[in-house]
Amino acid sequence: AAPVRYEAEAATISQGAVESNHAGYSGTGFVNFQAVTGSYVEFTVDSAQAANARLDFRYANGTTASRPMDITVNGTSVADDLAFPGTGAWTSWKNVSADAVLKAGSNRIRALTANGDGPNLDQLTVTASGPADTEKP
Ligand code: GCU
């Protein structure tokens, strides 16, 4: 299926702030997780059917240390401590990916700071790749 993009600044945000002081973001800004462990962005993603999907998180991390995030879909972990390595500058945006299974209907895709702070998060792109793989754990 065609990729669908969701802006972080339009998602549900807990303990993060929408900012726009580093160029290169899409939409009207990005989310700064404000160095709060447990702060998160939760995207609501509708899927017509149960489907395997790739999640691409577009982010910037102007430090040299990874800013790991926990990714959950409908409350279930799909990636624990997913690495968001340095991108070289706060104005340099890259993607980090995780695989997920979506259910038919509304899905809650959450990116939560695992350890102190997260990257600046710009966007989630969801690319469904076919019917759900029921063999998947
Ligand atoms: C800087 C940068 C912010 C970023 C922060 C961080 O202050 O300007 O955009 O969120 O570092 O370390 O997370």
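This is a predicted model: local features need pLDDT of at least 70, side-chain atom pairs count only at pLDDT 80 or more; totals for chains, interfaces and linings use all residues.

Biologist: How many bridges link β5 and strand β10 (residues 105–113)?

Modeller: Two strands count as paired if DSSP finds at least two bridges between them. β5 and β10 run antiparallel to each other, and their bridges number 8.

Biologist: Is Y40 buried or exposed?

Modeller: The call rests on other C-beta atoms, placed from the backbone, within 10 Å of a residue's own: 20 or more means buried, 12 or fewer exposed, and anything in between partly exposed. Y40 has 23 of them, so Y40 is buried.

Biologist: Which residues does Y40 touch, leaving out those up to four places away in sequence?

Modeller: A contact here means two C-beta atoms, placed from the backbone, within 7 Å. T76 is 36 residues from Y40 in sequence and 15 Å away in space, C-alpha to C-alpha. With residues up to four places away set aside, Y40 touches S14, R110, A111 and L112.

Biologist: What stands opposite T12 in β5?

Modeller: β5 also pairs with β2, again in the antiparallel sense, over 3 bridges. Within β5, the residue facing T12 is E42.

Biologist: How far apart are the C-alpha atoms of A11 and T44?

Modeller: A11 lies in the loop between β1 (4–7) and β2 (12–14), and it counts as buried because it has 23 C-beta neighbours inside 10 Å. Apart from neighbours within four places in sequence, its contacts are Y6, V41, E42 and F43. T44 is 33 residues away from A11 along the chain, yet the C-alpha separation is 7.2 Å.

Biologist: Which loop holds Q34?

Modeller: Q34 is a curious one, with a phi near 60°, a positive value in a residue other than glycine. Most residues other than glycine have a negative phi. Q34 is partly exposed because 13 other C-beta atoms lie within 10 Å. You'll find Q34 in the loop between β4 (30–32) and β5 (40–47).

Biologist: And A35, does that count as buried or exposed?

Modeller: A35 is in the loop between β4 and β5, and it has a positive phi of about 60° although it is not a glycine. A35 has 12 C-beta neighbours inside 10 Å, so it counts as exposed.

Biologist: Why is strand β6 (residues 51–60) largely enclosed by the rest of the structure?

Modeller: β6 pairs antiparallel with strand β9 (residues 94–102) over 9 bridges, where A51 has L102 as its bridge partner. β6 also pairs antiparallel with strand β11 (residues 120–131) over 10 bridges, and there F57 is partnered by L124. β6 is largely enclosed because the number of its 10 residues that are buried is 7.

Biologist: Which residues surround the ligand?

Modeller: A residue is near a molecule if its C-beta atom, placed from the backbone, lies within 6 Å of it. By class, the shell has 1 nonpolar, 3 polar and 1 charged residues. Its members are H22, N32, W90, D117 and N120.

Biologist: Zooming out, what is the radius of gyration of the chain?

Modeller: The chain has 0 helices and 11 strands. It is as compact as a globular protein of its length, because the globule rule (2.2 Å times the number of residues to the power 0.38, with the radius taken over C-alpha atoms) gives 14 Å for 137 residues, and the chain's own value is close to that, at 14 Å.

Biologist: What ipTM does the predictor give the complex?

Modeller: The chain averages a pLDDT of 95, and 96% of the residues score at least 70. For the complex, the predictor gives a pTM of 0.95 and an ipTM of 0.98.

Definitions and conventions
Residues are numbered from 1 along each chain as its sequence is written. Helices (H or I, at least four residues) and strands (E, at least two) are DSSP runs, numbered from the N terminus. Ala, Val, Leu, Ile, Met, Phe, Trp, Tyr, Cys and Pro count as nonpolar, Asp, Glu, Lys and Arg as charged, and the others, Gly among them, as polar. pLDDT is the predictor's confidence in each residue, from 0 to 100.
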